[in-house]
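Here is a note for a colleague who is meeting this structure for the first time. Please keep the sequence and the model in view while reading the points.

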Amino acid sequence: MKISADALLFDNDGTLVSSLDSVHRCWTRWAEEQGIPAEDFARVELHGRPADDIIADLLPADRAPRARARIDELELEDVPGGVKLLPGTAELLAGLPAARWAVVTSANRPLAEARLAEVAIRPGTLITSDDITRGKPDPEPFLLAAERLGVDPARCVVFEDAPAGLAAGRAAGMRTVALTTTTAREELVADIVVEDLSAVSARLLDGAVEITCRV
């Protein structure tokens, strides 16, 4: 399947890189330190959501600032050795001009930059939770990425592995490609579903980016 686009917008964790083990390791330790019952913690979705939203689901507002500082500390400490490239990432990004793609993540900027640096990814445009007021599934992060790249949202393609991120892409009026790296195929609502980025290639053609997906 082929799609013509002006820009490609990538989620990071679970799309470009794998840090799922690190996320669960750090948040599990954090929950234990905060005294959160295991059954309450198990009910909260971690993947693809901003830390502030997760904390708000689990703790009263007066405890949130210190709790946020602690999870930030734990996740940054766990970056070395806790992040790896997913299949196809390096090959796909290597062929894209910097002005044609962005990383749009629910992580804050220090954590996002640390994880990307760990695997030598250097996006020209990076949207983090520090840049927005409403995180995924709200469309704001992807719309901001399109604005900073100077492209029409309708000419953007979102690459995501999480339902919340795909919902954000659809709400932004963008086409979506889902990856089954962390979520079962039947739970993913997207224009195209692939296993990972090794099934995706891209080339510049007539001033646009032609994306080919092997489904």
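1. Basis of the note. This is a predicted model, in which local features need pLDDT of at least 70 and side-chain atom pairs count only at pLDDT 80 or more, while totals for chains, interfaces and linings use all residues. Residues are numbered from 1 along each chain as its sequence is written, and side-chain values use heavy atoms, with hydrogens and water left out.

2. Aromatic pairs. A search of the whole structure finds three aromatic pairs, where rings of Phe, Tyr and Trp (its six-membered ring) pair if their centres lie within 6.5 Å, and planes under 30 degrees apart count as stacked, over 60 as edge-to-face and the rest as tilted. One of them is the stacked pair of Phe-10 and Phe-159, with 4.9 Å from centre to centre and 20 degrees between the planes. Phe-10 belongs to strand β2 (residues 7-10) and Phe-159 to strand β7 (residues 156-160), so this pair ties together parts that are 149 residues apart in sequence; helices (H or I, at least four residues) and strands (E, at least two) are DSSP runs, numbered from the N terminus. Phe-10 and Phe-159 are both buried, where buried means under 20% relative accessible area, exposed over 50% and partly exposed in between (1.4 Å probe, protein chains only). Together with Trp-101, Phe-10 and Phe-159 form one aromatic cluster.

3. The tryptophans of α1. Trp-27 and Trp-30 form an edge-to-face pair, at 5.0 Å centre to centre and with 70 degrees between the planes. They are three residues apart in helix α1 (residues 20-34), and therefore about one helical turn separates them. Trp-27 counts as buried because its relative accessibility is 3%, and Trp-30 counts as buried because its relative accessibility is 0%.

4. Helix α6. The buried residues of helix α6 (residues 109-118) are Leu-111, Ala-112, Arg-115 and Leu-116. Seen down the axis of α6, these buried residues fall within an arc of 125 degrees, so they line one face of the helix; the arc is that of the directions from the helix axis to the C-beta atoms. The cover over them includes α1, α4 (64-77), β5 (101-104) and β6 (126-127), with contact meaning heavy atoms within 4.5 Å. At the start of α6, a side-chain oxygen of Asn-108 comes to within 2.9 Å of the backbone nitrogen of Leu-111.

5. Helix α3. In α3, the residues Ala-51, Ile-54, Ile-55 and Leu-58 are buried. Seen down the axis of α3, they fall within an arc of 95 degrees, so they line one face of this helix. Among the elements that cover the buried residues of α3 are α1, α2 (38-42) and α4.

6. The cavity. How many cavities of 30 Å³ or more are there? The count comes to one, where a cavity is a set of points, on a 1 Å grid over the protein atoms alone, where a 1.4 Å probe fits but cannot get out, and lining residues have an atom within 4 Å of a point. Grid points are joined across faces, edges and corners, and a volume is the space filled by probe spheres set on the points. The largest cavity holds about 260 Å³ of space. Its lining has 21 residues, of which Asp-13, Arg-49, Ser-106, Ala-107 and Arg-115 lie nearest the centre. The elements that give two or more residues to this lining are α1, α3 (51-58), α4 and α6, and α4 gives the most, with three residues.

7. Backbone details. The peptide bond from Lys-136 to Pro-137 is cis, with omega near 20 degrees, and Pro-137 is found in the loop between β6 and α7 (140-149). Ala-120, although not a glycine, has a positive phi of about 60 degrees; Ala-120 sits in the loop between α6 and β6 and is partly exposed, with a relative accessible area of 47%. Asp-206, also not a glycine, has a positive phi of about 55 degrees; Asp-206 is found in the loop between β10 (200-205) and β11 (208-213) and is exposed, with a relative accessible area of 79%.

Technical notes:
Polar contact = N/O pair within 3.5 Å; in protein donor to acceptor, adjacent residues only side chain to side chain. 1 Å grid on protein atoms, 1.4 Å probe; cavity = no way out; pocket = protein on both sides within 12 Å on 5 of 7 lines; lining within 4 Å.
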